[in-house]
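Have a look at the sequence and the 3D structure below.

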There are 2 protein chains.
Amino acid sequence: MSFKERLLEVSRRNGSLLCIGLDSDIERLPQFLRQELGGRAVLEFNRRIIDTTHDLVCAYKLNLAFYEQLGPPGLEMMVETLDYIPKELITIADGKRGDIGSTSRAYAQALFEHYGFDATTVNPYLGLEALEPFFEYEDRGVFILCRTSNLGAREFQDLECEGKPLYRQVAEAAVQAHERSGNLGLVVGATWPEELREIRELTGEGMPLLIPGIGRQAGDLEKAVRYGTNSRGELAIINSSRGVIFASEGEDFAAAARAAAERLRDEIERCRRG
Amino acid sequence: MSFKERLLEVSRRNGSLLCIGLDSDIERLPQFLRQELGGRAVLEFNRRIIDTTHDLVCAYKLNLAFYEQLGPPGLEMMVETLDYIPKELITIADGKRGDIGSTSRAYAQALFEHYGFDATTVNPYLGLEALEPFFEYEDRGVFILCRTSNLGAREFQDLECEGKPLYRQVAEAAVQAHERSGNLGLVVGATWPEELREIRELTGEGMPLLIPGIGRQAGDLEKAVRYGTNSRGELAIINSSRGVIFASEGEDFAAAARAAAERLRDEIERCRRG
């Protein structure tokens, strides 16, 4: 089954476009958990979040930085977290990798084969040719950074490049590459609704968009859903990380994460139907 | 001591601008070593390369992909490799990371604090604001991708953006940021000598350039040295990876690596003086 088909299936089954970002920064975890478990707190934190939220999401996104910052034990916890996520859900490696071809091959192997992620984010600066080794994994999704959610995204992504902004140059190149490989998507921040609308128009129906930046980054959820989905209200993955997983710092953190995720999932469903 | 001062000191002491890239892809290691040691071959390979070359270089660059592809044990070997490199030499994490600020902080902590690298490569697509957490480590070097060595670099980096190519927009922004933080450098492939000359003119005397792409990628070594160094013939780091470490596939691989490194070091010295 292609990545896109899997995404459609799980989104329909769970009635959800919500992705929870397991940006489980050890420094921000509930203190009681850190005191009890030390460095292993990240794994226990993730497990409890997954326990209470897995029926509300289509995907989990793991930001590699927060595992890498703990060194090899952090990556062991990433492996155990991936094992713990129900198999039907999509797992996304948010690593934003991008290197020359021979190195991209090693990254793709690491993420898709060693860790077994279903999808990953990649950076287009080196040109799409450099990302070919990722595109070759037909059953995995490759989300190219297009318009990122941060304020500083403007600096280069908005530069007018031969008649159109850089992010649009990237989007157009990605659409072309997608016609060949069929497994591409784009990352577009919910913080930029007008650009999101433009990019969905450009990609047409069949390309999934990964949309971070709701919640703590204050992107507009309604527009993210309305502009980000295709005409059937599908193929958008709406990500919230800190707004869900750090909804409470107390012993009730997992229940609070569920409540925050449920609110978001319902709000997304309301916007899809509205 | 600032990163730049350290780089100058070790380059002068060893009479070398050469950096060896420990792109120690397990699939390309000498077969006898893999048969003998299995997954641990990477560490033994690195140790023997370091044994025979450490007096010929100013730096070692570790391409993170080739450690990550082995999972947590690969990162353990990266740690042990770093421990094995003589302390006076510069260690560069070639990870090309780039993410929004809160995530960049975690990557910077991972690379500079957890692993203790002296420098790293970063990707500018998200804007330099997103890289601020790296710039805050005043004693570490941050090399921003500017003009990468691969052929596909042209696709976006050459786009004419508001009067100048994107790579030049990146270089100019980096020069400005360097005036504040003092620890920036740029990555410019030896495969693009004209762009290298332009970028050295733009950065002036004080900014180090990391120059990959000689050797297997067939960049022009003489121009890399002449255009890449400042007026004193310094502050360029000329990297060769596969051309040195895979100079022989036999039991003599470490001696062959030394011979290849010595030729390169001497050729670089000849060009600096020429």
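Both faces of strand E2(A) are covered: Ala59(A), Lys61(A) and Asn63(A) on one side, and Tyr60(A) and Leu62(A) on the other, are all buried. Here a residue is buried if 20 or more other C-beta atoms lie within 10 Å of its own, exposed if 12 or fewer, and partly exposed in between, with C-beta atoms placed from the backbone. E2(A) covers residues 59-63, and because 5 of the 5 are buried, the strand is largely enclosed by the rest of the structure. A word on names: helices (H or I, at least four residues) and strands (E, at least two) are DSSP runs, numbered from the N terminus.

Before going on, note that this is a predicted model, in which local features need pLDDT of at least 70 and side-chain atom pairs count only at pLDDT 80 or more, while totals for chains, interfaces and linings use all residues. Residues are numbered from 1 along each chain as its sequence is written, and chains are lettered from A and ligands numbered from 1 in the order in which they are written. Chain A averages a pLDDT of 96, with 99% of the residues scoring at least 70; pLDDT is the predictor's confidence in each residue, from 0 to 100. The model scores ipTM 0.96 and pTM 0.97.

Which strands does E2(A) pair with? Strands pair if DSSP finds at least two bridges between them, and the table lists E2(A)'s pairings along with one from elsewhere in the chain.

| Strands | Bridges | Direction |
|---|---|---|
| E1(A) (residues 18-21) and E2(A) | 3 bridges | parallel |
| E2(A) and E3(A) (residues 90-97) | 5 bridges | parallel |
| E9(A) (residues 209-211) and E10(A) (residues 236-240) | 3 bridges | parallel |

Zooming in, Ile20(A) stands opposite Tyr60(A) of E2(A), and Ala59(A) has Ile90(A) of E3(A) as its bridge partner. Further along, Ile211(A) is partnered by Ile238(A) in E10(A).

Now step back: 8 strands of chain A close into a barrel, in the order E1-E2-E3-E4-E5-E8-E9-E10, with parallel pairing. On average, neighbouring strands of this sheet are turned by 30° against each other, direction ignored.

Is Leu186(A) buried or exposed? It's buried, because 28 other C-beta atoms lie within 10 Å. Leaving aside neighbours within four places in sequence, Leu186(A) is in contact with several residues, including Phe143(A), Ala171(A), Ile199(A) and Leu209(A). Contact means that the C-beta atoms, placed from the backbone, lie within 7 Å.

Finally, the two chains. Their contact takes 47 residues from chain A and 47 residues from chain B. H6(A) gives the most to chain A's side, with 7 residues. By class, that side has 22 nonpolar, 15 polar and 10 charged residues. Ala, Val, Leu, Ile, Met, Phe, Trp, Tyr, Cys and Pro count as nonpolar, Asp, Glu, Lys and Arg as charged, and the others, Gly among them, as polar.

The axes of H5(A) and H5(B) (residues 72-84) come within 9 Å and cross at roughly 175°. That makes H5(A) roughly antiparallel to H5(B). Axes are lines fitted to C-alpha atoms, for helices over the stretch in contact, and angles run from 0 to 180 degrees between N-to-C directions; angles under 35 degrees count as roughly parallel, over 145 as roughly antiparallel, 65 to 115 as roughly perpendicular and the rest as oblique.

Conventions:
Two residues are in contact if their C-beta atoms, placed from the backbone, lie within 7 Å.
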